[in-house]
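Work through the exercises below with the sequence and the 3D view side by side, and try each task before reading its solution.

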Amino acid sequence: MTSTQRIAFLKGHGTENDFVIVPDPDGRIDLPSTAVARLCDRRAGVGGDGLLHVVRSAAHPEARAMADDAEWFMDYRNGDGTIAEMCGNGLRVFARYLLYAGLVEAGDVAIATRAGVLRVHLAKTGDVTVSMGRAVLPEDGVVVEVGGRSWPARNVNMGNPHAVAFVEDLAHAGELREQPEFGPAAVYPDGVNIEFVVDRGPRHVAMRVHERGSGETRSCGTGACAVAVATARRDGLDPAATGTPVTYVVDVLGGSLTITELPDGTVEMTGPAVIVAEGTFAPEWLAGAFAG
């Protein structure tokens, strides 16, 4: 990284889960974890819960095998710079950016992720619907603990790991500045996203989330999907058994998401995705960020 190199960025959010977007179609920008953490820093950088590195699948070693099915790869990073398998809100914002930049047309778009190729339906304006794949529900017994209280949690994998705990009051989650305790640790060797859930009404719940590598965020798309699936099973609903889709509204701190589980097991998420701003990193600051 030189002091004269200029790199463009954008800022976007989905239900206030916000991201730094770095367009890099040819995969020429190396993004070490320390640089990502600096870019996502809310006081010394642009600020974001995570970073969306926009690369053509053919130009990224982790995505070349998916290039025939999806032109674009979402190289997602958590706010602390660590690599993540998937981010549902990030996927909607990623797709909105592709349309905003004229790289795709409105309609159905395939996007490669570390969780596989996922389908997105893009309208020219308004909400974005993402096909999030199928939930996996391992039968491991999991417990989550905060401030001396503990709850059984449902283990749900949406391409990334989640522990969903139903509580009486969202305040029981505490401040969520630190990762809540969970166990057994062997169930989640790479860490876990933890959701705390309360009922709001029929097919309507609210959640707070501690995202692995980011802390508490205003929203988590894969987390909302995990919550909807876990709530459906708690309520005795399984679309694969009944042949009828099940839809839940999931309130997050930054808004609401609509989650539908289809009879074939596919989970669809619908919600907003907004591009807020675009600009260029100051070269001298950027050189310092990449210097570590």
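The model is predicted, so local features need pLDDT of at least 70 and side-chain atom pairs count only at pLDDT 80 or more, while totals for chains, interfaces and linings use all residues. Residues are numbered from 1 along each chain as its sequence is written, and side-chain values use heavy atoms, with hydrogens and water left out.

**Exercise 1.** Determine how the rings of phenylalanine 9 and phenylalanine 281 are arranged.

*Solution.* Rings of Phe, Tyr and Trp (its six-membered ring) pair if their centres lie within 6.5 Å, and planes under 30 degrees apart count as stacked, over 60 as edge-to-face and the rest as tilted. A search of the whole structure gives 5 aromatic pairs. In this one the centres are 4.5 Å apart and the planes at 25°, so the pair is stacked.

**Exercise 2.** Decide whether phenylalanine 182 and tyrosine 188 are buried, partly exposed or exposed.

*Solution.* Buried means under 20% relative accessible area, exposed over 50% and partly exposed in between (1.4 Å probe, protein chains only). Phenylalanine 182, at 22%, is therefore partly exposed, whereas tyrosine 188, at 5%, is buried.

**Exercise 3.** Find the ring over which the charged end of arginine 203 sits.

*Solution.* The criterion is that NZ of Lys or CZ of Arg is within 6 Å of the ring centre and within 35 degrees of the ring normal. For arginine 203 the ring is that of tyrosine 248, whose centre is 5.9 Å away.
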